[in-house]
Amino acid sequence: IVHCGVDTSVFQPQVEAKPAADGFNILCIGTLHEVKGQTHLIEACRLLKERGVPFVCHFVGDGPDRPMLTEQVERAGLQQQVCFHGRLARQDVVKQVQQAQVVVAPSVPSRDGRREGIPVVLIEAMSSGRPVVASRLSGIPELVDDQVNGLLTEPGDAAALADALQRLSTDLALRQRLGQAGREKVASEFDLTTNAARLIRCFGGETE
């Protein structure tokens with residue numbers, strides 16, 4: 001198996017930014033579409049607010065579900081905790097990842113049968129040394145080892161998402177441990193240059 005890779009020289013670990021005045025910094029990147037599961041993350045945010053956890057959740061990306069998600073945020077009274085940034089240039093995405101305390105990919109199967117593979121944003125986040133929370137779905141467990149280099153929850157389980165985020169919000173040592181292990185995983189198995197070279201060897205008939 002040769003996985004797709006990311007440029008680990010661009011997505012590099014940075015010292016974690018101090019939490020903003022408004023709390024724990026959560027980031028979710030991707031098309032605003034059912035398969036990405038953003039509605040479940042918003043519900044998790046509602047639960048975090050109910051529990052008194054200070055946080056801000058940033059959504060980067062655009063798509064057909066934006067009106068529905070915006071309405072969900074308003075119904076839940078989360079306008080001060082949830083921000084929609086729309087599409088951003090690559091350098092701005094890198095900056096968002098560096099400023100995040102956690103990156104979330106709450107993927108779910110869509111009603112028409114669509115599923116994620118291994119979201120590239122998770123690879124980029126882990127390459128940047130950021131802890132991740134993701135769904136136990138499709139190829140994601142090939143990248144994220146639960147409790148080792150990230151946390152996995154069942155698809156669509158907003159309460160489990162909230163539990164994982166609350167746990168990370170209060171445990172800097174855990175965030176650092178998961179982030180370091182995530183970087184090591186990406187460097188060894190998901191590096192763009194290394195995996196491109198592996199493909200070239202395969203095309204040439206060579207074996208590992």
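The legends below describe views of a predicted protein model, from the whole chain to two of its residues.

Residues are numbered from 1 along each chain as its sequence is written, and side-chain values use heavy atoms, with hydrogens and water left out. Because the model is predicted, local features need pLDDT of at least 70 and side-chain atom pairs count only at pLDDT 80 or more, whereas totals for chains, interfaces and linings use all residues.

**View 1. Order of helices and strands in the protein chain.** The protein chain contains 8 helices and 6 strands, where helices (H or I, at least four residues) and strands (E, at least two) are DSSP runs numbered from the N terminus. Read from the N terminus, the elements follow the order β-α-β-α-β-α-β-α-β-α-β-α-α-α.

**View 2. Overall dimensions and packing of the protein chain.** The C-alpha trace spans about 60 × 40 × 30 Å along its principal axes. The radius of gyration, taken over C-alpha atoms, is 17 Å, which agrees with the value near 17 Å for a compact globule of 208 residues; the globule rule is 2.2 Å times the number of residues to the power 0.38. Of the 208 residues, 48% are buried, a term that means under 20% relative accessible area with a 1.4 Å probe, protein chains only. Among contacts (heavy atoms within 4.5 Å) with a separation of 6 or more, 74% join residues 24 or more positions apart.

View 3. Arg175 belongs to helix α7, which covers residues 172-189, and it counts as buried because its relative accessibility is 5%. Its side chain reaches the backbone oxygen of Ser169 at 3.5 Å, a polar contact being a pair of N or O atoms within 3.5 Å in which, within protein, one must be able to donate a hydrogen and the other to accept it, with residues adjacent in sequence counted only if both atoms are side-chain atoms. Neighbours within four places in sequence aside, Arg175 is in contact with Glu16, Phe24, Gln101, Pro131, Leu168, Ser169 and Thr170.

View 4. Leu48 lies in helix α1, residues 38-50, and is buried, with a relative accessible area of 0%. When residues up to four places away in sequence are not counted, Leu48 touches Ile26, Val53, Phe55, Ala162, Leu165 and Gln166. Between Leu48 and Val120, the C-alpha to C-alpha distance is 27 Å, and the two residues are 72 residues apart in sequence.

Note on methods
Buried means under 20% relative accessible area, exposed over 50%, partly exposed in between (1.4 Å probe, protein chains only).
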